[in-house]
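Have the sequence at hand as we go.

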Amino acid sequence: MRVLVTVASRHGATREMGAEVASQLRAAGHDVDELEPDDVEHVEPYDAVVMGSAVYVGRLALGLRDLVERQAGQLRQRPTWLFWSGPVGDPPMPETVPDDVTDIARTTGARDVAVFAGRLDRDGLNISERALVALTRADAGDFRDLDAVRAWAQKIAGALRSIERDA
């Protein structure tokens, strides 16, 4: 199957998770394109879509939200999955699900939504991001579990195999 993996990531940690997903899907025999949400003109050429986004100030990235707004009808017509990253610390905080995650999952008909702990590197932040981190007292560090990301991608690969068999 031809699969689009599109990830909105400001500092690269979430994009690296998307690359892990794409790698697992390629290993399962799928033709995978990795594009930034702003670079996706149409999802029509794809048999399935995996979308990911970092969460900033309690919301998914604007690029992903814009993609969903532009392509909602097409996304609903194909198998779609959604993941987000953002919680940091041990245990990962915050535990709340951003409102727009639920809205986007509903709008796209996402088959599954996954959340993965993120990475916070204070050195890479701009001044407003540093102020927000200080205000929320977020823990710096890399809390990502790439094995969990790969396992989720393998579940998607299994679902795609089932879809191919049923077609």
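Our walk starts with helix α1, residues 13-27: its 15 residues reach 21 Å from the first C-alpha to the last, close to the 21 Å expected at 1.5 Å a residue. That expected span is 1.5 Å times one less than the number of residues, and helices (H or I, at least four residues) and strands (E, at least two) are DSSP runs numbered from the N terminus. Keep in mind that this is a predicted model, where local features need pLDDT of at least 70 and side-chain atom pairs count only at pLDDT 80 or more, while totals for chains, interfaces and linings use all residues. Residues are numbered from 1 along each chain as its sequence is written, and side-chain values use heavy atoms, with hydrogens and water left out.

Which residues of α1 are buried? They are Ala 13, Thr 14, Met 17, Gly 18, Val 21, Ala 22, Gln 24 and Leu 25. Buried here means under 20% relative accessible area, exposed means over 50%, and partly exposed is in between (1.4 Å probe, protein chains only).

After α1 comes Gly 29, with a positive phi near 100°. His 30 sits in the loop between α1 and β2 (31-35). With a relative accessible area of 6%, His 30 is buried. Its side chain reaches the backbone nitrogen of Met 1 at 3.2 Å. Setting aside neighbours within four places in sequence, His 30 is in contact (heavy atoms within 4.5 Å) with Met 1, Val 3, Leu 25, Ala 157, Leu 160 and Glu 164.

Two of those partners, Ala 157 and Leu 160, are listed for His 30 and also turn up among the buried residues of α5. What covers its buried residues? The cover includes β1 (2-8), α1, β3 (48-56), β5 (80-85) and β6 (112-116). Is Arg 144 buried or exposed? At 16% relative accessibility, Arg 144 counts as buried. Its side chain makes a polar contact with the side chain of Asp 142 at 2.8 Å, and a polar atom of that Arg 144 side chain lies 3.2 Å from the backbone oxygen of Ala 13. A polar contact is a pair of N or O atoms within 3.5 Å; within protein, one must be able to donate a hydrogen and the other to accept it, and residues adjacent in sequence count only if both atoms are side-chain atoms.

Arg 111, in the loop between α3 (99-108) and β6, is exposed, with a relative accessible area of 53%. Here are the accessibility values side by side.

| Residue | Relative accessible area |
|---|---|
| His 30 | 6% |
| Arg 144 | 16% |
| Arg 111 | 53% |

Leaving aside neighbours within four places in sequence, Arg 111 is in contact with Pro 79, Thr 80, Trp 81 and Ile 163.
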